[in-house]
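Subject: Handover of a structure and its analysis

Dear colleague,

Please find the structure below, followed by a summary of what was found in it. I would be grateful if you would read the two side by side.

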Amino acid sequence: MKSVTRSPGRMLLAATSVFAVALGFPGAAQADVVAQQNPDDVSIQSQDVWTEYWEGANLIGIGKFNADPVDAIPGDSIQACDYYPDGWRVEVRMDINPTGTWETDRVATTHGHKSPYCSPWEGGNLAEETPVLVKVCKVLDDSEEHCEDPVPGWA
């Protein structure tokens, strides 16, 4: 189970792979992916986050942070997508202005919906250059959860 941060240029390829996995195309699942930072980022600037939750070759869910508004997607918002019908929900949690101790400030969840399903975007305006941490979790009836490591982004 690994998380991955994707730059917007890589998101189309990732989205295509996700839908291929969700639709059950053989060979669409890739090996675990290591967290990456966009090497082009040399200063603080808005940075979207795309983090995945894998169990072996199964893509369980995806967490997204959208830093700036794009079409109908609001800025500074998160979304959870559940792609695996295992009875667990996917939650995306965001810590705004992290201090070293995790504090959940915003949650997007697929609770109450069968997979495949993506939650509505959960947002609220943040000041430019605000640091955020985003993590994706697999949750069962509030009694058990498994979360990936948080991934950094910038509002």
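**The disulfides**

Cys-118 has a relative accessibility of 29% and therefore counts as partly exposed; in this classification, buried means under 20% relative accessible area, exposed means over 50%, and partly exposed lies in between, with a 1.4 Å probe and protein chains only. Its partner is Cys-81, to which Cys-118 is joined by a disulfide with an S to S distance of 2.0 Å. A disulfide is taken here as a pair of cysteine sulfur atoms within 2.5 Å. Cys-81 lies in strand 3 (residues 77-82) and Cys-118 in strand 6 (residues 117-118), so the bond ties together parts that are 37 residues apart in sequence. Cys-81 has a relative accessible area of 0% and is thus buried. The angle about the S-S bond of Cys-81 and Cys-118 is 115 degrees, and the link is right-handed.

The model is predicted: local features need pLDDT of at least 70, and side-chain atom pairs count only at pLDDT 80 or more, while totals for chains, interfaces and linings use all residues. Residues are numbered from 1 along each chain as its sequence is written, and side-chain values use heavy atoms, with hydrogens and water left out.

A search of the whole structure finds two disulfides. Besides the pair already described, Cys-137 is joined to Cys-147, with an S to S distance of 2.1 Å. This pair links distant parts of the chain, since Cys-137 is in strand 8 (residues 131-140) and Cys-147 in strand 9 (residues 144-147), 10 residues apart. The torsion about the S-S bond of Cys-137 and Cys-147 is about 105 degrees, so this disulfide is right-handed. Cys-137 is buried, at a relative accessible area of 1%, whereas Cys-147 is partly exposed at 31% relative accessibility. With bonded cysteines counted along the chain, the disulfides of the protein chain follow the pattern 1-2, 3-4.

**Overall architecture**

Helices (H or I, at least four residues) and strands (E, at least two) are DSSP runs, numbered from the N terminus. Along the sequence the pattern reads α-β-β-β-β-β-β-β-β-β-β. The protein chain has 155 residues, of which 43% count as buried. Among contacts in the protein chain with a separation of 6 or more, 59% come from residues 24 or more positions apart; a contact means heavy atoms within 4.5 Å. The accessible surface of the protein chain comes to about 8,100 Å², and 53% of this area belongs to carbon and sulfur atoms. Accessible areas come from the Shrake-Rupley method with a 1.4 Å probe, and for residues only the protein chains shown count as cover.

Strand 1 (residues 49-55) is mostly covered, with six of its seven residues buried. Strand 1 and strand 2 (residues 58-66) run antiparallel and are joined by seven bridges; two strands pair if DSSP finds at least two bridges between them. Within this pairing, Glu-52 stands opposite Ile-62 in strand 2. The hairpin has two residues between the strands, and Gly-56 takes a positive phi near 60 degrees there.

**Backbone features in the loops**

Most residues other than glycine have a negative phi, and most peptide bonds are trans. The following cases may therefore be of interest to you.

- Asp-76 has a positive phi, near 55 degrees, in a residue other than glycine. Asp-76 is placed in the loop between strand 2 and strand 3 and is buried, at 2% relative accessibility.
- Asn-97 also has a positive phi near 55 degrees. Asn-97 is found in the loop between strand 4 (89-96) and strand 5 and is partly exposed, with a relative accessible area of 44%.
- Ser-115 and Pro-116 are joined by a cis peptide bond, with omega about -5 degrees. Pro-116 lies in the loop between strand 5 (106-109) and strand 6.

**A buried loop residue**

Thr-130 sits in the loop between strand 7 (122-123) and strand 8. Thr-130 is buried, with a relative accessible area of 9%. Leaving out residues up to four places away in sequence, Thr-130 touches Ile-96, Asn-97, Gly-153, Trp-154 and Ala-155.

With kind regards
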